[in-house]
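The exercises below are meant to be worked with the sequence and the structure side by side. Try each task before reading its solution.

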Amino acid sequence: MNEMRPPRAEAGLPRPLLPEGWPRPRGYANGMLARGALLVTGGVVGWDADERFPEGIVAQARQALENIRAILASGGAEPRHLVRLTWYVTDMDAYLAHLKPLGAAYRDVMGPHYPAMALVQVVRLVEPAALVEIEATAVVPD
């Protein structure tokens, strides 16, 4: 077995995929393998239950992740069941300038589970005050 491969996940949980010879990604997975019930969110923004946005990309990302965690829980899932996150940001430079606090916010809310991820800059989001929107896909083991 290739020593660069991630350790085997708990039985039934999504498992990161690492093609032989590829370097291990940091903070995301190249791909995920899972079986079970599919849970998909819509685009989740970083507002609270009263639809108020905190100031700044880090605070909005944290709130969006907390909102995703709440949606997962309502479907019987946890962050460890995530297989994919797609991030949409209105300012890539702001995202890149805040990588460390964004990573800390992610770990605080989602823990050490890193699914496949994509990051896309967009001109704007439906909610004018939104700086980030995240779509999540999870697989809840049978």
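**Exercise 1. How many aromatic pairs does a search of the whole structure find, and how is the pair of Trp87 and Tyr95 classed?**

Solution. The search of the whole structure finds three aromatic pairs, where rings of Phe, Tyr and Trp (its six-membered ring) pair if their centres lie within 6.5 Å, and where planes under 30 degrees apart count as stacked, over 60 as edge-to-face and the rest as tilted. This is a predicted model, in which local features need pLDDT of at least 70 and side-chain atom pairs count only at pLDDT 80 or more, while totals for chains, interfaces and linings use all residues. Residues are numbered from 1 along each chain as its sequence is written, and side-chain values use heavy atoms, with hydrogens and water left out.

Step 1: a pair of aromatic rings is described by the distance of the centres and the angle of the planes. For Trp87 and Tyr95 these are 6.1 Å centre to centre and 75° between the planes, and the pair is edge-to-face.

Step 2: the rings of Tyr106 and Tyr114 have centres 5.5 Å apart and planes at 20°, so this pair is stacked.

Step 3: Trp87 is buried at 5%, and Tyr95 is buried at 16%. Tyr106 is buried at 4%, whereas Tyr114 is partly exposed at 27%.

**Exercise 2. At what angle do helix 1 and helix 3 pack, and which residues meet?**

Solution. Step 1: the two helices pack at about 20°, with their axes 9 Å apart; axes are lines fitted to C-alpha atoms, for helices over the stretch in contact, and angles run from 0 to 180 degrees between N-to-C directions.

Step 1: helix 1 and helix 3 are therefore roughly parallel to each other, since angles under 35 degrees count as roughly parallel, over 145 as roughly antiparallel, 65 to 115 as roughly perpendicular and the rest as oblique.

Step 2: among the residues that meet are Ile57, Leu65 and Ile68 in helix 1, and Leu102, Tyr106 and Val109 in helix 3, contact being heavy atoms within 4.5 Å.

**Exercise 3. Where is Glu51, and is Glu51 buried or exposed?**

Solution. Step 1: Glu51 is in the loop between strand 4 (44-45) and helix 1, and at 52% relative accessibility it counts as exposed.

Step 1: most residues other than glycine have a negative phi. Glu51, although not a glycine, has a positive phi of about 60°.

How values were computed:
Buried means under 20% relative accessible area, exposed over 50%, partly exposed in between (1.4 Å probe, protein chains only). Helices (H or I, at least four residues) and strands (E, at least two) are DSSP runs, numbered from the N terminus.
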